[in-house]
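Subject: A structure for you to look at

Hello,

Here is the structure I promised to pass on. Please open it beside this email and follow along as you read.

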Amino acid sequence: MIRLHQGYVEDSDGMSTLSTDIDINDKKTNVYVSVENEYGKFLSPERADYALAGILPYAIRRGHDIICEAPVTEELLYNIREFLIPTLCRTDSRAYHVKIQADIAPPLDKLPVSKVMHGGVGTGLSFGVDSSYAILKHVDTEYPNQNLTHLCIFNNGSGIISNPIRRQKIFARAEKISQELNLPILKVDSNVRSFIKQHHAAVHTYKDALIIWAMQKLWRVYYYGSTYSFANFSLIGNTRRDPAHFEPFLLDCFSTSKLRIISSGSEGDRDDKVAFIVDNPLVQKYLHVCTGKTVNCGKCGKCLRTLLAIDALGKLDKFREAFDIDAYIEQREEAYRGLHESIKRNPEHPFLAQTYKILRERHKDFFDSLDAEEKLDAEEKLDAEEK
Ligand SMILES: [Zn+2]
């Protein structure tokens, strides 16, 4: 049994922190979301919405029911109980049909607190490919109500951003980008990634939903930078799988008529996004995709696949501020070999297929020689076995 206690907000050192104590059977834990004082009025301690969104995958995997001491927004509770949980259970036999005990909260816009509701439109500013696309797609558009009003940077308590020096660098870069885009930036610190030990890749969308819902009075729309396109949608094995595979459905369940969380970029694939952002000077200067360092290392899987995509689009020279392009060019043959191997394993690779097609046509002799090498290797192996 999981009990979500009534949330509370505390102010200190210029920060406002929303916390909720959580009991998991006899074990006590706590989740918090911290923002600068000026944004503290948007925190929502009066309802359990945010903590419920974050704890849900744990309850589903570990077989816990949930008691919420604070009420839950009616539409959110309806979506979770009547759509999300039954669907996850139907498509994965390991999913537990969580029972949620909670009172329905009165509509926020009917309460005195409605005065602080802001109607903001936000998105995250990690400034990787998905994030850059979500931002550039929603700045100065022909749809005035869909334009961004705020950018956000999350320190979720883990990964490279959890180190204080790296956090400072990442937040400082986010501030520079937000200034160039002339949009305010909301800086968020949270223990969301570590308050329960769960593999980040299996729960990240739920935990980002927690942070968005913690600030529900600020948002009307939140664009969530998608990882995959609708074409890669799948709910199969959802308790063990990256929720990015069924994110449009999940985010729809975490949306209400007052707060819509939209999977931005699901309409295309990774190559479409790179093609959309590649000519933007801010992207050329600040794009950051590396999971290991605050500057792009140029060697890890994410750096390499991004460099290959930029290479395929013929824009390497434009990205000399974001990457060490000469180092990439030196190791390019090796990168092409790696790409070739990946496509052999998965010809429909969602991040690489289009890049490979372009590079293969451009460097036909090189890739043909890899095929010939493989053919020779296979023949030699067969000969050796026959002997
Ligand atoms: Zn890297």
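First, some ground rules. This is a predicted model, in which local features need pLDDT of at least 70, side-chain atom pairs count only at pLDDT 80 or more, and totals for chains, interfaces and linings use all residues. Residues are numbered from 1 along each chain as its sequence is written, and side-chain values use heavy atoms, with hydrogens and water left out.

**The zinc site**

Look for the zinc ion: its protein donors are the SG atoms of C290, C297, C300 and C303, at 2.2 to 2.5 Å. Donors here are N, O and S atoms within 2.8 Å of the metal (3.2 Å for Na, K and Ca); water is not among the atoms, so sites may look incomplete. Along the sequence, the donor residues follow the spacing C-x6-C-x2-C-x2-C. The arrangement is tetrahedral because the four donor atoms subtend angles of 103 to 117° around the zinc ion; for four donors, that term requires all angles to lie between 85 and 135 degrees. For reference, the ideal angle for four tetrahedral donors is 109.5 degrees.

Next, find helix α12 (residues 353–362) and helix α13 (residues 364–386), which pack at an angle of about 100° with their axes 5 Å apart. That makes α12 roughly perpendicular to α13, a label used for angles of 65 to 115 degrees. The axes are lines fitted to C-alpha atoms, for helices over the stretch in contact, and angles run from 0 to 180 degrees between N-to-C directions. Helices are DSSP runs (H or I, at least four residues), as are strands (E, at least two), numbered from the N terminus.

On the α12 side, the contact is made by Y356, L359, R360, E361 and R362, and on the α13 side by K364, F367, D368 and D371. Contact means heavy atoms within 4.5 Å. Which kinds of residue make up this contact of α12 with α13? They divide into three nonpolar, no polar and six charged.

H340, in helix α11 (residues 332–345), is buried, with a relative accessible area of 3%. Not counting residues up to four places away in sequence, H340 touches Y356, R360, F367, L370, D371 and E374.

**Buried places**

Helix α3 (residues 129–136) is mostly covered, with eight of its eight residues buried. Among them are V129, Y133 and L136. T306 sits in helix α9 (residues 301–312) and counts as buried at 6% relative accessibility. Leaving aside neighbours within four places in sequence, T306 is in contact with V129, L287, V289 and F323.

S178 belongs to helix α4 (residues 164–181) and is buried, at 2% relative accessible area. Beyond neighbours within four places in sequence, S178 is in contact with L125, L151, L183 and I185.

**Two loop residues**

Finally, visit D13, in the loop between β2 (8–12) and β3 (15–24). D13 has a positive phi of about 50° although it is not a glycine, and counts as exposed at 79% relative accessibility. D140 likewise has a positive phi of about 50° without being a glycine. Its place is the loop between α3 and β10 (150–155), and at 72% relative accessibility D140 counts as exposed.

Enjoy exploring!

Technical notes: Angles under 35 degrees count as roughly parallel, over 145 as roughly antiparallel, 65 to 115 as roughly perpendicular and the rest as oblique. Ala, Val, Leu, Ile, Met, Phe, Trp, Tyr, Cys and Pro count as nonpolar, Asp, Glu, Lys and Arg as charged, and the others, Gly among them, as polar. Four donors count as tetrahedral if all angles lie between 85 and 135 degrees; four count as square planar and six as octahedral if opposite donors are over 155 degrees apart and all others between 65 and 115; anything else is irregular. Buried means under 20% relative accessible area, exposed over 50%, partly exposed in between (1.4 Å probe, protein chains only).
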